[in-house]
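Here is a short briefing to read alongside your sequence and structure. Take it topic by topic, with the model open beside you.

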Amino acid sequence: MGLQMTRRARRTALGALVGASFLLLGACDPETEKQFHHWAMPSNSPGTVQGQDIFELWKGAWIAALITGGITWALIFYASWRFRRRSDDEIPVQTRYNLPLEIFYTIAPIMMVIVFFAHTVRVQEAVLNETPAPDNCVQVVGQQWSWTFNYNESCDNDNGPVAYTAGTGSQIPTLVLEEGKTTEFKLSSPDVIHSFWITGFLMKMDIIPGQTGDDRNHFSVTPNKVGDYRGKCTELCGVYHSRMLFNVKVMDSADYDAYMAKLKADPEHVSDHPLLGGSHASTTAGLSADETETGGNK
Ligand SMILES: [Cu+2]
């Protein structure tokens, strides 16, 4: 019996050691280490004013979960040690009902869900709050299977002239944003539901086909850190869903203006109306010429 316990204890210690070394090994990689400091979020997050609220919510959820986990583990270990079997011919008192305990473990999770829910609603309100006058407006099109970004000349006129960039299945487009300025995204899809996600901004939103004008899903961001970010589609939207990547560059105002001036001077990137997919989806962007719409080669 004594020997068994020792062997088990030794095995447990070995397991803990292996686990700890995995953690340490992971922490050696600088990117992973940065993510540890960001509670497993991308190292360049939150990246926007609005993302800060989301980041705080995420951190709070982690802390609450860790406290709950700590208490639960402590109770498990305490109970299994304190009420262990002490000899071969005797078993510990068998308790079937404990009303106070049962009330506790019914009420406690309900309270937790209420608190999580309240904070989630609060942050959601803050993040989706309309910004009265955005500085820049971008009409984003997610189409099978890439992205088109229409930069409005004026936020007052969604149907007016735009400068645009469009990706294809084989070329990843880049969305350029201005640091310290609020950009409003209006999301359109000509085909199926996609989802617009800039990972470092900690915020994503579905793109629903059929929505037009001001009824489209939309939200605003105010990037506050110059740098490169990654974008993805997070709605399984077809065979080449995995190709729906885009890059995001946040630039200071001088660089942004220079980029826009260059884009507007290029006849291949200007249009007198936004490209919102439809007939454009298979020509302007989405597919390279040698691929059929269902993904095979022509
Ligand atoms: Cu998609």
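**Where the sheet ends**

Strand E3 (residues 162–166) and E11 pair in an antiparallel fashion, through two bridges. Within that pairing, Ala 163 has Val 270 of E11 as its bridge partner. Please keep in mind that this is a predicted model, in which the protein chain has five helices and 11 strands.

**The six-stranded sheet**

- E3 and E11 belong to an open sheet of six strands, and reading across it gives the order E8-E5-E1-E2-E3-E11.
- The pairing in this sheet is mixed.
- At the edges sit strand E8 (218–221) and strand E11 (270–271), each of which pairs on one side only.
- As a reminder, strands of a sheet pair through backbone hydrogen bonds, and they can do so either parallel or antiparallel.

**A hairpin to look at**

- Strand E6 (residues 194–198) and strand E7 (residues 203–207) run antiparallel and are joined by five bridges.
- Phe 196 is a handy landmark here, as it stands opposite Met 205 in E7.
- Four residues lie between E6 and E7 in this hairpin.
- In the turn, Leu 202 has a positive phi of about 60 degrees.

**Two helices packed together**

- Helix H3 (residues 49–82) packs with helix H4 (residues 99–128) at an angle of about 170 degrees, and their axes are 9 Å apart.
- H3 is therefore roughly antiparallel to H4, since angles over 145 degrees count that way.
- Which residues of H3 meet H4? They are Gln 50, Asp 53, Ile 54, Leu 57, Gly 60, Ala 61 and Ala 64.
- On the H4 side, the residues they meet are Met 112, Phe 116, His 119, Thr 120, Val 123, Ala 126 and Val 127.
- Sorted by class, the contact of H3 with H4 has nine nonpolar, four polar and one charged residues.

**The chain as a whole**

- Of the 298 residues in the protein chain, 25% count as buried.
- Among contacts in the protein chain with a separation of 6 or more, 67% come from residues 24 or more positions apart.

- The protein chain has a mean pLDDT of 86, and 88% of its residues reach 70 or more.
- Confidence is highest in strand E4 (residues 174–178), at 97, and lowest in helix H1 (residues 2–28), at a mean of 68.
- Over residues 280–298 the pLDDT is below 50.
- That stretch, residues 280–298, has 37 contacts in the model beyond near neighbours in sequence.

Methods:
Residues numbered from 1 in each chain as written. Predicted model: local features only at pLDDT ≥ 70, side-chain atom pairs only at ≥ 80, totals over all residues. Pairing = 2+ DSSP bridges. Buried ≥ 20, exposed ≤ 12 C-beta atoms within 10 Å, placed from the backbone. Contact = placed C-beta atoms within 7 Å. pLDDT = per-residue confidence, 0-100. Axes fitted to C-alpha atoms, helices over the stretch in contact; angles between N-to-C directions. Parallel < 35°, antiparallel > 145°, perpendicular 65-115°, else oblique. Nonpolar A, V, L, I, M, F, W, Y, C, P; charged D, E, K, R; others polar.
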